[in-house]
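Open your viewer and get ready to select a few places one after another. At each stop you will read what to pick and what is there.

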Amino acid sequence: MATKAFKSEKIDAMKEKFEKAQVAVVTEYKGYSVEEITTLRRNLQKEGGDYMVTKNTLAKIAAKGTNYEAIADLCKGPIALAFGFEDQVSPAKVVSKFIKDSKKGEIIGAVLEGNLLSADEAKALANLPSKEELYAKMLGSINSPASGIVGSVNAVMASLTRAIAAVRDQKEKSAA
């Protein structure tokens, strides 16, 4: 049995994670070995997140007074929380990929900016492009018109050069 002091430390640590997190994804981890949980935790840490197996009551207590109070609705059965501190999409992506690869566990739901997401919405979050992909697409959209203008100007210049060369060649033929 965990002591009251130990539980208090867990609650404080979890509350700190809730306060820093941009998203919390609730997962069922039934059937995972310690090695699998450690692998998932390491993968999330690489993406600026964390993974924490917890008791439902401790999660509910820690979430009180934060934007994640709605998480209490998802705290049923054995759960673990995947936190995202740097962006909202990568934790869902990492967890979703891990579940797909291991064929164990499932996403129960998530809380994003204080809003409760269903399991399907959390899975849809995992399918969104990452921040870097969105930046690249946006930059491509911004550069596209400029590239088109440059291509058009170059095409006109090339046509003009070919026309002048053809006139020159024709004059050289008629002069000779």
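A term to have at hand for this tour is relative accessible area: buried means under 20%, exposed over 50%, and partly exposed in between, computed with a 1.4 Å probe on protein chains only. The model is predicted, so local features need pLDDT of at least 70 and side-chain atom pairs count only at pLDDT 80 or more, while totals for chains, interfaces and linings use all residues. Residues are numbered from 1 along each chain as its sequence is written, and side-chain values use heavy atoms, with hydrogens and water left out.

**Stop 1: helix 1 and helix 3**

Helices (H or I, at least four residues) and strands (E, at least two) are DSSP runs, numbered from the N terminus. Please select residues 4–20, which are helix 1, and residues 56–63, which are helix 3. Their axes come within 8 Å and cross at roughly 55°; axes here are lines fitted to C-alpha atoms, for helices over the stretch in contact, with angles from 0 to 180 degrees between N-to-C directions. Helix 1 and helix 3 are therefore oblique to each other. For such labels, angles under 35 degrees count as roughly parallel, over 145 as roughly antiparallel, 65 to 115 as roughly perpendicular and the rest as oblique.

The crossing of helix 1 and helix 3 is right-handed, a word used if the near helix is turned clockwise from the far one by less than a right angle, with left-handed for anticlockwise. Now show side chains: K7, K10, I11, M14, K15 and F18 of helix 1 meet L58, A59, I61, A62 and A63 of helix 3, where contact means heavy atoms within 4.5 Å.

**Stop 2: helix 2 and helix 4**

Next, pick helix 2 (residues 34–46) and helix 4 (residues 90–102), whose axes come within 10 Å and cross at roughly 150°. That makes helix 2 roughly antiparallel to helix 4. This crossing of helix 2 and helix 4 is right-handed. Look for E36, T39, L40, N43 and L44 on helix 2, in contact with P91, V94, V95, F98 and S102 on helix 4.

**Stop 3: from E36 to K104**

Which residue meets the side chain of E36 in a salt bridge? Select K104: the pair is 3.0 Å apart, N to O. A salt bridge is a side-chain nitrogen of Lys or Arg within 4 Å of a carboxyl oxygen of Asp or Glu. K104 is partly exposed, at 29% relative accessible area.

**Stop 4: two positive phi angles**

Stay in the loop between helix 4 and strand 4 and find K103. K103 is not a glycine, yet has a positive phi of about 60°. Is K103 buried or exposed? K103 counts as exposed, at 72% relative accessibility.

Then move to E113, in the loop between strand 4 and strand 5 (115–117). E113 has a positive phi of about 50°, although it is not a glycine, and is exposed at 58%.

**Stop 5**

Finally, select R168 and E172, both in helix 6 (residues 131–175) and 4 residues apart, about one turn of the helix. Their side chains meet in a salt bridge (3.9 Å, N to O). Salt bridges that share partners join R168, D169 and E172 into one network. D169 and R168 pair at 3.2 Å, N to O.
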